[in-house]
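Subject: Structure for your review

Dear colleague,

My notes on it follow, and I would be grateful if you read them with the structure open.

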Amino acid sequence: MNDTGCFLVYDHYELNNKRFMVLACFRQDDRKLLYIRYFATEEKSVAGNVYVARIEKRVQNVGVFLTIPDGHVFVRDKDCRNPFYVKKQSFKKNFSVGDLILVQIEKDAIKTKEPEGKLSISIKTPYFIMEKPGNEVSFSKRLQAKTKEKFSDIKCRDKSLLIRTAAAGIEPDELQKRIDSSSAEMDEIFSNGKNHTEPTLVWQDDDLLNRLLSAFPFARNHLKVTRIRTSDRNICDSLGEYGELYNDDGLSLLDLYRIRTITDNLLKKTVWLKSGGNIVIEQTEALTVIDVNSAKSKRCQPFTVNKEAATTIMEEIRLRNLSGIIVIDFMKMHSDDEKDAICSLMRAYADRDFARTSIEGFTRLGLLEMTREKLFPSVNQTLTGHLNYGTISSVDAQ
């Protein structure tokens, strides 16, 4: 499948006297909005940061709880392999209370959940992912055979390397140069980590371009970023060849792409359908409830409205970043075949979602249940401040 071109808009945004940054992804050919995220300027992400952390406790088959300078981190049991010890209490036992180890933050804190981390350390760029420990070079499944052959002499000592699809656009010498630079940076992370006897920040990823290019699942959806537009000259300069400065006093960048209108709509509970029906989205602490109504679509068959609603619901879930348990009350259908068709339609959209999404099916009361992985706060949580503000975190699904 050929890559579809897309571009990003990254600019300042103000709502209710609070400042945010907004990052929107649009399809190149028709300017259709694919993804949008908001970041509170006063809140800084810790995702990607590497810390020397102290072990507080380990729960068997659950994970390890660690202390870092700014709070705590949880590492799931499956991510506890091959720890790098800065200080070890016992040479006979792993994960003793008081051990100092390196940890990298994978996900920022969401609501009452602590940040999540992993014990393998990685550096992610648009062209490759480097990880330690490891000792192999692999390729994205979507890279063509001739491109893999072009990079057959690429080397990366004492680390694993995944060469991504975006690397196809650069020459082997340039790629090797970038790899060598990141390899030296990673060696410095481990070297610095050995010099500390207390929890401390060892490394912070300040590369704005890398963070923006990992904020959305471009590769999974066959999207290729062509440019990042912004009205901020400093930001544009930091984006290098991807940056494109927008300068028009008559029309702001946000108004050009209707981002203010889009934002207003994403904060509304009611979404109108072309058929005249609507969906009402109620987001609570425990779950999200979505109700499908006939409204002005009295002449339409319930199944017809439900099919349109199912498509719209999946798009709204993606754009609003709704997660956790989601319960949908569709209009009453007359047969199991109609219910199966709705489930199949929604599963087709779920398969293209970067977050793990499961359509569980209809309950005995006729409610459709689904779940979606929680990766970062929803639009409503970020912009209204009811819960934690959103921060840039890696959602790397490439």
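In what order do the six strands of the open sheet stand? The order is E17-E18-E19-E20-E22-E21, and the pairing among these strands is mixed. Please bear in mind that this is a predicted model.

The edges of this sheet are formed by strand E17 (270–272) and strand E21 (357–362); each has a single partner strand, so one side of each is left without a neighbour in the sheet. From one strand to the next, the twist averages 20°.

Within the sheet, strand E19 (residues 288–293) pairs with strand E20 (residues 324–329) in the parallel sense, over four bridges. Here Val289 stands opposite Val327 in E20. Helix H8 (residues 336–350) lies across E20, E21 and strand E22 (368–372), and runs at about 175° to E21.

Leaving aside neighbours within four places in sequence, Thr288 is in contact with several residues, including Ile281, Leu322, Ile326 and Val327.

Strand E5 (residues 63–68) and strand E6 (residues 71–76) run antiparallel and are joined by six bridges. They form a hairpin, with two residues between them. Phe65 has Phe74 in E6 as its bridge partner. E6 is also joined to strand E9 (residues 116–118), by two bridges, and these two strands run parallel. There, the bridge partner of Phe74 is Glu116.

I turn next to the interior. In soluble globular proteins, nonpolar side chains tend to be buried together. The largest nonpolar core in this model has 51 residues, and those with the most contacts inside it are Tyr10, Cys25, Leu175 and Ile228. Helix H2 (residues 172–193) gives the most to this core, with five residues. Cys25 is in contact with residues beyond its neighbours within four places in sequence, among them Phe7, Leu34, Phe216 and Leu223. Another core, of 26 residues, lies apart from the largest one and includes Ile290, Phe303, Ile326 and Ile328.

Finally, a word on confidence. The protein chain averages a pLDDT of 88, and 94% of the residues score at least 70. Over residues 387–398, however, the pLDDT is below 50, although this stretch has 64 contacts in the model beyond near neighbours in sequence. Where pLDDT is low, the predicted coordinates should not be read in detail.

Yours sincerely,
A colleague

Notes
Residues numbered from 1 in each chain as written. Predicted model: local features only at pLDDT ≥ 70, side-chain atom pairs only at ≥ 80, totals over all residues. Heavy atoms only, no water. Pairing = 2+ DSSP bridges. Axes fitted to C-alpha atoms, helices over the stretch in contact; angles between N-to-C directions. Contact = heavy atoms within 4.5 Å. Core = buried A, V, L, I, M, F, W, Y, C linked by side-chain atoms within 4.5 Å. Buried < 20%, exposed > 50% of the residue type's maximum accessible area, 1.4 Å probe, protein only. pLDDT = per-residue confidence, 0-100.
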